[in-house]
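Subject: Structure handover

Hello,

I am passing this structure on to you. Please open it first, then read my notes below.

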Amino acid sequence: MIPVTKPYLPSREKLNQYIDGIYERNWLTNNGPLVQDLTRRLEEYLGVENLLLVSNGTLALQIAYHALGINESVNGKPVEAITTPFTFIATASSLKWDGIAPVFADIDPKTWCLAPKNIEAIITANIRAIVPVHVFGNACDVEAINEIANRHNLKVIYDASHAFGVTYKGESLLKHGDAATLSFHATKLFHTGEGGAIVFKCKDDLERAKKLINFGITGPETIEELGINAKMNELQAAMGLCVLDEMEENLKARAEVWQRYEETMGKTLQLQVKHQALGYNYAYFPVVFDSEEQAVRVVAALKENGVLARRYFYPSLDSVECLDAQADQPVSKDIASRILCLPIYAGLSVEIMEKITSIVTEVTE
Ligand SMILES: Cc1ncc(COP(=O)(O)O)c(C=O)c1O
């Protein structure tokens, strides 16, 4: 089966060298030298400061909520945050898991990111934060969201799990918000097997988060506050250092696949509309079909030919019962019902890409 994405496996020789070093030092976790090195290298590569490596992208979100204090109730009031229903479950479930009720606002039909006017319409006294997603690596309307957050005194945490290396107006997209979180899951463009990171706007928040990811421990005999274990380990960092070394080749190969898809399908099918000032990372190739029935037929036809396309993100999270959504989000529901992500990864052959394109064209013509 051709998968929708494939983990990027870097040079085995180089990975072995890093692992030799781990064996020599006998230092496997607790802010080891490879984690420190990867932190510096990522800050430099991404052009950001205050980056903290963590064990996965879900904990990156949870640590960000805690470091910014949005999970703390004020005067016993319920704690809520506005987020998007068009995302991976972890964006909303991480809120709920931390006692913050996710309140959904609908997305923009073209960019598929949260529409600022819909955020503004549902702000109440219980809302503590906005958690938008740069979905598929597209930039949210960061200026409008920032303006709304300032006016209502709300924190903004961007789930930037898909936006590794994305630039907006020539700078890292991760610079927007009080914090931006990344997932380094194996299937992501940049990965550490499992892993993640948070980029904080303020150094003070970074310092608090450093304690939180290590059980709240601040010294051999001091536990300053309630924390958890969210540390990245040395083996994860070794994988990350190797993947980062080969990022240019990886990006180039993905860009070629992406551009070929766009040339053949962009004229007839609905693609995500990206901001003019976006420097994209070619992480995903989502396509929206005319109807759900057509999308389902494409999935079946691809599967018959050994290709796995994913209905990503489906279902829209306002229909997931355990999240207790208060209202329907029709735009998200509509896009989620008709969307597919087509296979994209470095090394996807032209032959397979052409096969995928011709199957899609055949079903949709
Ligand atoms: C938008 C989004 N948020 C959060 C996550 C969770 O990241 P992780 O799998 O690293 O915990 C993912 C992972 O795929 C994601 O796509």
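Here is what was found, starting with the ground rules.

This is a predicted model, in which local features need pLDDT of at least 70, side-chain atom pairs count only at pLDDT 80 or more, and totals for chains, interfaces and linings use all residues. Residues are numbered from 1 along each chain as its sequence is written, and side-chain values use heavy atoms, with hydrogens and water left out.

**Cores**

The largest nonpolar core has 100 residues. A nonpolar core is a set of buried Ala, Val, Leu, Ile, Met, Phe, Trp, Tyr and Cys residues joined through side-chain atoms within 4.5 Å. Buried means under 20% relative accessible area, exposed means over 50%, and partly exposed lies in between (1.4 Å probe, protein chains only). Leu 42, Phe 86, Phe 136, Phe 164 and Leu 342 have the most contacts inside this core.

Take Phe 164. Contact means heavy atoms within 4.5 Å. Leaving out residues up to four places away in sequence, Phe 164 touches Leu 42, Tyr 45, Leu 46, Leu 182, Phe 184, Leu 189, Phe 190, Leu 244, Met 247 and Asn 281.

**Leu 244 and its helix**

Helices (H or I, at least four residues) and strands (E, at least two) are DSSP runs, numbered from the N terminus. Leu 244 sits in helix H8 (residues 234–245). Its relative accessibility is 6%, so Leu 244 counts as buried. With residues up to four places away in sequence not counted, Leu 244 touches Leu 38, Arg 41, Leu 42, Tyr 45, Phe 164 and Phe 190. Glu 207 is 37 residues away along the chain, and the two C-alpha atoms are separated by 25 Å.

**Helix pairs**

Two packed helices are described by the angle between their axes and the distance between the axes. Axes are lines fitted to C-alpha atoms, for helices over the stretch in contact, and angles run from 0 to 180 degrees between N-to-C directions.

H2 and H8 pack at about 35°, with axes 8 Å apart. Their crossing is left-handed. A crossing is left-handed if the near helix is turned anticlockwise from the far one by less than a right angle, and right-handed if clockwise. On the H2 side, the contact includes Leu 38, Arg 41, Leu 42 and Tyr 45. The contact of H2 with H8 divides into ten nonpolar, one polar and four charged residues. Here Ala, Val, Leu, Ile, Met, Phe, Trp, Tyr, Cys and Pro count as nonpolar, Asp, Glu, Lys and Arg as charged, and the others, Gly among them, as polar.

Helix H9 (residues 247–265) and helix H12 (residues 350–364) pack at about 30°, with axes 11 Å apart. H9 and H12 are therefore roughly parallel. Angles under 35 degrees count as roughly parallel, over 145 as roughly antiparallel, 65 to 115 as roughly perpendicular and the rest as oblique. The crossing of H9 and H12 is right-handed. Seven nonpolar, two polar and two charged residues make up the contact of H9 with H12.

The axes of helix H3 (residues 57–67) and helix H7 (residues 203–212) come within 9 Å and cross at roughly 120°. H3 and H7 are therefore oblique to each other. Ile 63, His 66 and Ala 67 of H3 meet Asp 205, Arg 208, Ala 209 and Leu 212 of H7.

**Loops**

His 162 lies in the loop between strand S5 (155–159) and strand S6 (167–168). At 6% relative accessibility, His 162 is buried. Among the residues His 162 touches are His 134, Lys 188, Tyr 284 and Phe 313.

Phe 313 is in the loop between H10 and H11. The peptide bond from Tyr 312 to Phe 313 is cis, with omega near 5°. Another cis bond joins Tyr 314 and Pro 315, with omega about 0°.

Asn 31 has a positive phi of about 50° although it is not a glycine. Asn 31 is partly exposed, at 46% relative accessibility. Asn 153 also has a positive phi, near 55°. With a relative accessible area of 72%, Asn 153 is exposed.

Best wishes
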